[in-house]
Amino acid sequence: MSTPTETDVLGRLASWQRALRDQFPILARHPEMAYLDSAATAQKPAAVLKAVTEFLTTINANVGRGSYPWATATTSRVEAARERIKAGLGDTGSDSTVEFVSGTSHGLRVVAQDWLAPQLGDGDEIIVPFGDHQANLRPWQDLRDTLAQRGIRIQVVPMPVDIASGDYDHRALPSVVTARTRFVAVTHVHHVFGANMNVHRVREVVGPDVPICLDAAQSVGHGPLSVAELDVDFVVFSGHKMMAAPGVGAVWARNRRGPRFAMRGWSGTPNTAGIVSLAAAWDWLDRAGLADIRAWNTALCARLTDGLSRCHDVRVLGCQDSLALDSQVQRRESIVTFRHEHVRADDLGFVLADEGIMVRADSHCQAGRASEDLAVRVSVHVYNTPEEIDRLLEVVRRCEGMRS
Ligand SMILES: Cc1ncc(COP(=O)(O)O)c(C=O)c1O
């Protein structure tokens, strides 16, 4: 059987998608606007907004402090949210834990400082990505610097990347894994290139004992994610990118390799309304169907890369093999970033905004990328339509031959 084309997928899922899109109040209020910046933050369905309002207007109290009914009900909601996250991640283990943080940046820093720091000794090595989001590089570099102040020198080794395929280079990885490798950090889906980084291959190379921490900021809520299949030890993600409220995220920890994960110190009152929104968002995404959400988003990105590859002045960043119209190489998952040869990305961002099309046009917080190294990032979620992609392509086509 041949693989369904993007048109097949968009046709098969069209009425399903329309029904989902109708559930986003902000989009209903602004039908003329095309929101194509979901990798920055996703829009929220009415069910999530309702869950937050309901919580705040019925049982709102502090968590874990108080024996009156609202307090115990709030505590139960927070505990239920931890279980909801475990179920969402396909976690069937009994030792795992979920800690709430403010988002991925905070969560990765907590893993570095609270869990990893006490375990590292002089001469140890950690392998981390140098070309992904800064949030997944800075905490590990800061950890190295903090330890150095205490006289412990560790090496922060770059995870090799295969330029042709756009994901991690599992063939080059064995050459950087040593007997002193104590930890590996990876990203699930790249926030600029939209590439699925094939992290399952990393476990195959590093062996059964090295803990792996997954930055899932761009994958949670965009498709099914199974910690059993990936065999990672931490999954860190942000609620706001998966249709929950801003200011909340989670660190899921397997607790099998190394000590049990716990946040150090007194963390105070958690973001209870945010936690409620996280559970509600996961319920909504599951009901919608995460496999179909991934298929829809990937098909939208294929439509976009196909269109862009016909524009002479445009270069899509990242793996070029995936751009051929009949490519069997992995397609972009929800994110496509490009540059116009003659029109500056920030100018193109303004032109698009003028047409009611919202994209991100800057350097995308990518580690190693200079702040003046600009590109246009288009990022979709299930509420986006093929018509919105076509509108964007139409504007880009009009810029053919133009110069800033
Ligand atoms: C891959 C990746 N990791 C981490 C982050 C940081 O997320 P937050 O700003 O929610 O902490 C982002 C945000 O764009 C991201 O794309």
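Visitor: How do the axes of helix α4 and helix α10 cross?
Guide: The axes of helix α4 (residues 46-58) and helix α10 (residues 272-288) come within 8 Å and cross at roughly 145°, where axes are lines fitted to C-alpha atoms, for helices over the stretch in contact, and angles run from 0 to 180 degrees between N-to-C directions. Helices here are DSSP runs (H or I, at least four residues), as strands are (E, at least two), and both are numbered from the N terminus. This is a predicted model, in which local features need pLDDT of at least 70 and side-chain atom pairs count only at pLDDT 80 or more, while totals for chains, interfaces and linings use all residues. Residues are numbered from 1 along each chain as its sequence is written.

Visitor: Which residues of α4 and α10 make the contact?
Guide: On the α4 side they are Ala47, Val48, Ala51, Val52, Phe55 and Leu56, and they meet Ala273, Val276, Ser277, Ala280, Ala281 and Trp284 of α10; contact means that the C-beta atoms, placed from the backbone, lie within 7 Å. By class, this contact has 11 nonpolar residues, one polar and no charged, with Ala, Val, Leu, Ile, Met, Phe, Trp, Tyr, Cys and Pro counted as nonpolar, Asp, Glu, Lys and Arg as charged, and the others, Gly among them, as polar.

Visitor: And at what angle do α11 and α13 cross?
Guide: The axes of α11 (residues 290-309) and α13 (residues 386-398) cross at roughly 20° and come within 10 Å. That makes α11 roughly parallel to α13, a term for angles under 35 degrees, whereas over 145 counts as roughly antiparallel, 65 to 115 as roughly perpendicular and the rest as oblique.

Visitor: Which residues meet there?
Guide: Leu300, Arg303, Leu304, Gly307 and Leu308 in α11 meet Pro386, Ile389, Leu393 and Val396 in α13, and this contact divides into seven nonpolar residues, one polar and one charged.

Visitor: New topic: what domains does the chain have?
Guide: The assignment gives domain 1 (6-45 + 289-398) and domain 2 (49-288), with bounds that come from an automatic or database domain assignment. Their C-alpha centres lie 26 Å apart, and 34 residues of domain 1 are in contact with 31 residues of domain 2.

Visitor: Which element gives the largest share of the domain 1 side?
Guide: That is α11, which gives six residues to the side of domain 1 that touches domain 2.

Visitor: Last one, which residues come nearest to the ligand?
Guide: Of the 13 residues around the ligand, Gly103, Ser105, His191, Ala217 and Ser238 come nearest, and a residue is near if its C-beta atom, placed from the backbone, lies within 6 Å. The shell has three nonpolar, nine polar and one charged residues.

How values were computed
Two residues are in contact if their C-beta atoms, placed from the backbone, lie within 7 Å.
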